[in-house]
Amino acid sequence: MSAPGQGYRGRAPGESAAMTSTAAFPPRAATVRRAAKPRIAWPWLDRAGRFSPLKASVLLMALLPGAAVAWLLATGQMGAEPFKQAAREVGTITYRMLLLTLLVTPLRAVADWPAIVQVRRMLGLVTLGYALAHLGLYVAHMNGDLAKVASEIALRAYLTLGFVALLGLAVLGATSTDAAMKRMGRGWKRLHRLVVPIALLGLVHFFIQSKADVTEPTLMAGFVIWLLCWRTLPRELQASGLGLLAVAVVAALGTVIVEYAWYALATRIPAERVLAANLDVLNGLRPAVIVLITGLLAAAVPGLRRRLAWRRGATA
Ligand code: HEM
């Protein structure tokens with residue numbers, strides 16, 4: 001039976017038992033008609049159709065940065081090339097959302113928070129929405145000249161990568177329904193593993209267009225490395241302090257390597273100076289340091305959780 005507020009709700013006020021009985025033909029027809037009503041899976045409802053404060057607040061927070069960009073754009077506060085600037089802002093938001101979507105599974109395991117999984121599909125769809133808005137803003141920046149946009153995408157490698165990433169996100173979005181999940185069976189999981197290569201393509205797109213200052217893409221790369229390392233951990237270590245400590249250290253070193261390699265191979269900026277800046281924490285935290293600190297905090301969570309559970313047990 002459908003959940004309250006979604007399709008057939010059981011006996012409505014004024015309805016008699018006979019009307020909902022499976023024995024009487026006309027009422028049953030009425031029941032069937034109601035059950036067949038298209039169900040709107042509003043993103044703030046849980047699977048049972050009840051309002052979910054968790055989903056509603058995550059949705060609100062996920063939409064806020066986009067609303068801020070829309071506001072700045074609408075009020076002429078986006079600089080001399082407003083659509084270009086807005087495309088950049090929304091590109092960054094898209095990547096952050098993609099990363100948050102990817103981090104839901106580790107968060108569930110590390111924080112032992114099964115309910116958080118409810119927001120994964122929603123975050124994935126929000127990511128797709130931002131990616132489409134990013135493309136739309138780029139088209140607007142090109143004065144709506146679709147032929148020019150298509151030729152730019154075909155000719156510039158970083159745009160081609162972005163386009164492939166967007167196509168990938170669209171395929172994942174289109175197959176994110178319960179019906180598609182059921183229809184595809186095991187293939188669904190295999191298909192949705194493509195989110196990792198999509199994230200890597202998006203990352204290369206991000207790096208190439210950022211050119212000389214790759215602080216933000218390096219930080220994102222660090223979190224992607226953390227995620228990939230976490231995924232390779234045996235299941236029993238994925239929520240253990242020791243396993244997470246190892247992941248934090250490897251991810252931070254990986255971030256240092258990515259940053260060094262980028263400056264050494266793609267720019268004229270002395271890579272050694274950037275490398276040394278990682279140790280100079282008084283002058284601001286470099287991406288590798290932020291990844292290390294975040295990773296260490298994640299590693300502390302299982303211990304804290306156990307302590308809290310122990311205290312609760314002791315006071316009960
Ligand atoms: C058809 C697909 C896409 C096109 C045509 C496109 C186009 C662009 C362009 C033109 C820029 C540079 C704006 C500028 O400074 O001139 C850019 C930046 C960016 N794009 Fe895309 N993009 C696409 C897909 C994506 C996707 C799928 C993602 C994320 C997964 C993404 C994330 C980014 C990011 C993070 C930036 C950098 C923003 C910044 O500089 O802060 N893009 N994109």
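Biologist: Start with the metal. Which protein atoms are donors of the iron atom of the ligand?

Modeller: His134 (NE2) and His205 (NE2) are the protein donors, lying 2.0 Å from the iron atom of the ligand. Donors are N, O and S atoms within 2.8 Å of the metal, or 3.2 Å for Na, K and Ca; water is not among the atoms, so sites may look incomplete. Keep in mind that this is a predicted model: local features need pLDDT of at least 70, side-chain atom pairs count only at pLDDT 80 or more, and totals for chains, interfaces and linings use all residues. Residues are numbered from 1 along each chain as its sequence is written, and side-chain values use heavy atoms, with hydrogens and water left out.

Biologist: What's the geometry of the site of the iron atom?

Modeller: Octahedral, with angles of 85 to 180° among the six donor atoms. Six donors count as octahedral if opposite donors are over 155 degrees apart and all others between 65 and 115.

Biologist: Where do the two histidines, His134 and His205, lie?

Modeller: His134 is in helix α5 (residues 120-141) and His205 is in helix α10 (residues 195-210), so the pair ties together parts 71 residues apart in sequence. Helices are DSSP runs of H or I, at least four residues, and strands are runs of E, at least two; both are numbered from the N terminus.

Biologist: What else is in helix α5?

Modeller: Ala133 is there. Ala133 is partly exposed at 34% relative accessibility.

Biologist: New topic. Where does Glu152 lie?

Modeller: In helix α6 (residues 146-155). Glu152 counts as buried, at 12% relative accessibility.

Biologist: What does the side chain of Glu152 make a polar contact with?

Modeller: The side chain of Arg156, at 2.5 Å. A polar contact is a pair of N or O atoms within 3.5 Å; within protein, one must be able to donate a hydrogen and the other to accept it, and residues adjacent in sequence count only if both atoms are side-chain atoms.

Biologist: And which residues does Glu152 touch, leaving out those up to four places away in sequence?

Modeller: Tyr138, Met142 and Leu159. Contact means heavy atoms within 4.5 Å.

Biologist: How many aromatic pairs are there?

Modeller: Three. Trp42 and Trp44 are one of them: ring centres 5.2 Å apart, planes at 10°, so the pair is stacked. Phe207 and Trp262 form a tilted pair, 5.2 Å centre to centre with 50° between the planes. Rings of Phe, Tyr and Trp (its six-membered ring) pair if their centres lie within 6.5 Å; planes under 30 degrees apart count as stacked, over 60 as edge-to-face and the rest as tilted.

Biologist: Where are Phe207 and Trp262 in the chain?

Modeller: Phe207 is in helix α10 and Trp262 in helix α12 (residues 241-266), 55 residues apart, so to speak a link between distant parts of the chain. Both Phe207 and Trp262 are buried. Trp42 is partly exposed at 41%, and Trp44 is partly exposed at 34%.

Biologist: Last one. How many helices and strands in the protein?

Modeller: 14 helices and zero strands. Buried residues make up 37% of the 316 residues.

Terms used. Buried < 20%, exposed > 50% of the residue type's maximum accessible area, 1.4 Å probe, protein only. Tetrahedral: all angles 85-135°; square planar, octahedral: opposite > 155°, others 65-115°.
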